[in-house]
Amino acid sequence: MFTEGLFTKLLQLEDGWFVEWVETDFKQEEIYIQIECVLDELEDAETGELCRVYDHAPSREWRHLDTMQYKTFLRCKLPRITTSSGKVKTV
């Protein structure tokens, strides 16, 4: 549990976003960090409108800065919102 809290702070995740789990592959020298969003509403970056979360997209993975000598990867199922016009957008 210490590890999840530490990475949540290091990644400066805001309320509603958190590190669900951290997996370390010591042999390959890799760290995988699963990020989750539990919010019911999110802001549309284009309009500033507060929109309801429609669902979550399939999991994606990004390379992040190394943690010491370990390659670090972030994984997240990005939330998708429904705008007032009915359009579904990935956050």
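A salt bridge here is a side-chain nitrogen of Lys or Arg within 4 Å of a carboxyl oxygen of Asp or Glu. The model is predicted.

Q: How many salt bridges does the rule give, and which residue meets lysine 89 in one of them?
A: By this rule there are five salt bridges. In one of them the N to O distance is 2.9 Å, and the side chain that lysine 89 meets is that of aspartate 44.

Q: How many residues apart in sequence are the parts that lysine 89 and aspartate 44 tie together?
A: Lysine 89 lies in strand S8 (residues 88–90). Aspartate 44 sits in the loop between strand S3 (41–43) and strand S4 (50–56), so the pair ties together parts whose separation in sequence is 45 residues.

Q: Is lysine 89 buried or exposed, and which class does aspartate 44 fall in?
A: The cut-off for buried is under 20% relative accessible area. Lysine 89 has 15% relative accessibility, so lysine 89 counts as buried. Aspartate 44 has a relative accessible area of 4%, so aspartate 44 is also buried.

Q: Which residues are linked with Asp44 in a network of salt bridges?
A: Lysine 89 and aspartate 44 form a salt bridge. Asp44 belongs to a network of salt bridges, and the residues linked with Asp44 there are Glu46 and Lys89.

Q: Which residue forms a salt bridge with arginine 75, and where does that residue lie?
A: The closest N and O atoms are 2.7 Å apart, and the partner of arginine 75 is glutamate 61. The pair links distant parts of the chain, 14 residues apart, with arginine 75 in strand S6 (residues 70–76) and glutamate 61 in strand S5 (residues 60–67).

Q: In the hairpin of S1 and S2, which residue takes a positive phi?
A: Strand S1 (residues 17–25) and strand S2 (residues 30–37) pair in the antiparallel sense over eight bridges. Glutamate 23 has tyrosine 32 in S2 as its bridge partner. Four residues lie between the strands, and the residue with a positive phi near 55 degrees is glutamate 29.

How values were computed:
Residues numbered from 1 in each chain as written. Predicted model: local features only at pLDDT ≥ 70, side-chain atom pairs only at ≥ 80, totals over all residues. Heavy atoms only, no water. Pairing = 2+ DSSP bridges. Helix = DSSP H or I, 4+ residues; strand = E, 2+ residues; numbered from the N terminus. Buried < 20%, exposed > 50% of the residue type's maximum accessible area, 1.4 Å probe, protein only.
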